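Work through the aromatic pairs of the structure below. Each exercise is followed by its solution.

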Amino acid sequence: MQIKADNLTYKYMKNTPFEKEALKGFNITIPEGRFTSVIGHTGSGKSTFIQHLNGLLKPSSGTVAVGDWTIRADTKQKHLYELRRHASIVFQFPEHQLFHETVLSDVAYGPVNFGLSKLEAEKRAKEYLELAGIHPDMFDRSPFDLSGGQMRRVAIAGVLALNPKLLILDEPTAGLDPEGQVKMMELFYDWFQEKKERSIILVTHQMEDAARYSDEIVLMDKGTVKDQGRPHQVFSKAGELKAMGLSVPESVKLLSMLREQSGEDMSTAAFTLEETVDQVLEFLRKRGVSDRV
Ligand code: ADP
Ligand code: MG
């Protein structure tokens, strides 16, 4: 589903002395079928923005269009029920939202709620639990008997089992160990690639993930969108990012350092180990030392 925000403004505690304008009237279009990462300093408005994409928050002014739905300040909740079927959010620490007696019933709950029979819902739940790396032995256990990482995978299986078109992820790997982070990102990426109409919006502080998986990056700062573009475009502005309190991927840092110290006119866009090695070799070749490496 295409996303289009028009003069999107959001104020927390509107018309009170505590009013806080978290989104300051920006425009953005995000086409369907993309993997988009939203980056920005804490408090820049990322979570506020993405909660508009399935109508959890409604604009204070302006509009957000998601697929066929247009959300405004006065949009009725009942108009948004159907949208939630297609646009699902995985919040930070989704394991806090588990509440059923067994792992299986937790994951089957959403699909039943959206109209599947119990049998169909359980079939789908099992499928996504296995995909998320949860062994069938655990299906009848209480989710609270699982480890933190397993609980999170159960919660994510529950969202994937809804079969959304738009999957919205708010720092989904926060707090996981490095291996768990990679596994989880691969799970999302495989899901994304399975069907071309699927889209992902990922809010992340992990610049490596943003660079590696995204078709496009949206940079937010102080309640507005500061930049939108391919990873190499956004991460080529290391100075601007730094000024906003953000870092660039380690690979970009390394290449920027080489470029600065050597004065060599070279690209700093490399987001995988292979790309980084290629760039370094290219650098060495230019410097005439490649025979020795
Ligand atoms: P991010 O996800 O980028 O860290 P948020 O969207 O959570 O940013 O927050 C944007 C701004 O809105 C921040 O200044 C934050 O303090 C404020 N804010 C967020 N949630 C609330 C809330 N429930 N009540 C009041 N202010 C809030
Ligand atoms: Mg946030």
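**Exercise 1.** State how many aromatic pairs a search of the whole structure finds, then classify the pair Y10 and Y12.

Solution. The search returns 10 aromatic pairs. Rings of Phe, Tyr and Trp (its six-membered ring) pair if their centres lie within 6.5 Å; planes under 30 degrees apart are stacked, over 60 edge-to-face, the rest tilted. For Y10 and Y12 the centres are 4.9 Å apart and the planes stand at 80°, so this pair is edge-to-face.

This is a predicted model: local features need pLDDT of at least 70, side-chain atom pairs count only at pLDDT 80 or more, and totals for chains, interfaces and linings use all residues. Side-chain values use heavy atoms, without hydrogens and water, and residues are numbered from 1 along each chain as its sequence is written.

**Exercise 2.** Is Y10 buried or exposed?

Solution. Take the cut-offs: buried is under 20% relative accessible area, exposed over 50%, partly exposed in between (1.4 Å probe, protein chains only). Y10 has 13%, so Y10 is buried. Y12 has 29%, so Y12 is partly exposed.

**Exercise 3.** Which residues do ring pairs link into a cluster?

Solution. The cluster consists of F35, Y189, F192 and Y213.

Key: Chains are lettered from A and ligands numbered from 1 in the order in which they are written.
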